[in-house]
Every structure is written in C-alpha cells, then in structure tokens.
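Here is a friendly walk through one protein model. Have a look at the sequence and the fold, then read on.

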Amino acid sequence: MGDRTAADLERELVLLAYVRGCLRGSEGEDFRIPTTALDEVLDELHRVERSPWDRT
C-alpha cells in the first residue's frame, strides 16, 4: 500500500466514513457496505502505529 503515515491513514478513514454516510443517506440506513477497504486501511494503520514494545 505504500509508505503512508498514520496521518495519511487517518485522513483516509475520515474519507471512508464520509462516503459511508453519503451512501446511507441516499440508500437508507439498512444499506450495508462491504468493509474490505476499511479493513485494509485499519490493518495498515495498526502496522504503522505498532507499539515500540512490539519487536516483531
């Protein structure tokens, strides 16, 4: 996914939340959105923000 920073990933999460809100606003609250993109961003964010105590 590249060398994105935690701030880059947090901006992407905000964008995904905005898009989800727009879709639910137009399609209704019961509209379900696949979470694949969100899962990938969160996984990368966790790798970037890995605890200094984690030596793996």
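## About the model

This is a predicted model, in which local features need pLDDT of at least 70 and side-chain atom pairs count only at pLDDT 80 or more, while totals for chains, interfaces and linings use all residues. Residues are numbered from 1 along each chain as its sequence is written, and side-chain values use heavy atoms, with hydrogens and water left out.

## Overall make-up

The protein has two helices and zero strands; helices (H or I, at least four residues) and strands (E, at least two) are DSSP runs numbered from the N terminus. Of its 56 residues, 11% are buried, that is, under 20% relative accessible area with a 1.4 Å probe and protein chains only.

## The largest pocket

A pocket here is an open set of points on a 1 Å grid over the protein atoms alone, where a 1.4 Å probe fits, with protein on both sides within 12 Å along at least five of seven lines; lining residues have an atom within 4 Å of a point. The largest pocket has a volume of about 240 Å³, the space filled by probe spheres set on the points, which are joined across faces, edges and corners.

Helix 1 (6–27) and helix 2 (36–48) each supply at least two lining residues, and helix 1 gives the largest share, seven residues. Among the lining residues are Leu13, Arg20, Pro34 and Leu38.

## Arginine 32

Arginine 32 sits in the loop between helix 1 and helix 2. Arginine 32 counts as exposed because its relative accessibility is 59%, and exposed means over 50%. Its C-alpha atom is 9.1 Å from that of arginine 20, twelve residues away along the chain.
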